Amino acid sequence: MKKIIIGIALLFLFVVGGFVEKKEWIQNLIYYKDSYAIDYNVTMKRDLLCLMMAYPEYITTIDSDSKDRVYIVMKSGKRILYDDKIKKNFEDKLNNPDLQDMMEQVYPLSDITNLMPKDFDPGRIRVYSLLKEVYGGTREEIQLNLTKVKCGYRYYPFNRKNNASDALKSAMKELVALIEEKDIYSFVFPMSGTFNYRFIAGTNRLSPHSFGTAIDLRRDKKDYWKWASREEGQKRLDVYPREIVQAFEKNNFIWGGKWSHFDILHFEYRPELILKARYFSDRPGFGESWYDGLPSDDDIIKDYIDLINRNLK
Ligand SMILES: [Zn+2]
């Protein structure tokens, strides 16, 4: 009899306990599902806004189809998909990215002391259909868009579209002024180059140098993850002058030193990533709108926000 009572008591506790746990579990699930949906929409709208701000002459609008797939619409009429909803590992994202994959990792604008953790490579994922629309679809088209930018005593070709060459001019002006005060000359000159139409070694992906939107400063054998061990890369990172990095970041260039697949001599014009880093590194505060953090007095940005709110309900 005693055993039966204990048995019933245990069963009772088990059922009640299980129920309480289950209820909490269900609530958590609902919470996570909701916050995931909210985060997804916030991130999507922010990504699209950064893209519109970064490529203002090339992206005309944002659109969605009957299946709720979202696109940026280019000046040419071409539509580029935001999210293909395909589950991908890091390699898949490099080889077959959508805009969401490209914007996913937030580039750190603050300084770093250690090389980035495995596969944290903000900017290494590039949507070529977008780059081709903006900077030129073929080698010939890109070459027609190149202009010469004075870097030290030499001129280097750089793409004039979307302010890229102006941004390089401005970064070089800052660097030249810095060289007067700081001992950074030997990190900058002789430069290793800008435009070079080529595939990334061992891949079928075009290098950003193919578009004339990236510059390599003075080469050191510890600069690139394929040439050097992580320890060697870390040593190079330790001594690399951050004034150089800041001069480029201020002008919408990202630095390959902030990639786990480090490329320390490499700077690349990627306004969409710098904008996202500048304004949207954090989730919006409680009760704040998705675009919280942006300068609210800019009419062009306001128009973009309205357009995104209108077109994506
Ligand atoms: Zn490079």
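Student: What makes F267 the partner of I215?
Tutor: In β8, F267 is the bridge partner of I215. This is a predicted model, in which local features need pLDDT of at least 70 and side-chain atom pairs count only at pLDDT 80 or more, while totals for chains, interfaces and linings use all residues. Residues are numbered from 1 along each chain as its sequence is written.

Student: Why are β6 and β8 called paired?
Tutor: Two strands pair if DSSP finds at least two bridges between them. Three bridges join β6 to β8 (residues 266-269), so the pair qualifies, and the two run antiparallel. Strands here are DSSP runs of E, at least two residues, and helices are runs of H or I, at least four, both numbered from the N terminus.

Student: What is the order of the strands in the open sheet?
Tutor: The order is β6-β8-β7, with antiparallel pairing.

Student: What makes β6 and β7 edge strands?
Tutor: Each of them, β6 (214-216) and β7 (253-255), pairs on one side only.

Student: Which helix packs on the sheet?
Tutor: That is α9 (residues 242-250), which touches β7 and β8. Contact requires C-beta atoms, placed from the backbone, within 7 Å.

Student: Now to the loop between α3 and α4, where R126 lies. Why is R126 called buried?
Tutor: A residue is buried if 20 or more other C-beta atoms lie within 10 Å of its own, exposed if 12 or fewer, and partly exposed in between, with C-beta atoms placed from the backbone. R126 has 20 such atoms within 10 Å, so R126 counts as buried.

Student: Which residues does R126 touch, not counting those up to four places away in sequence?
Tutor: They are M102, L131 and P208.

Technical notes: Contact = placed C-beta atoms within 7 Å. Axes fitted to C-alpha atoms, helices over the stretch in contact; angles between N-to-C directions.
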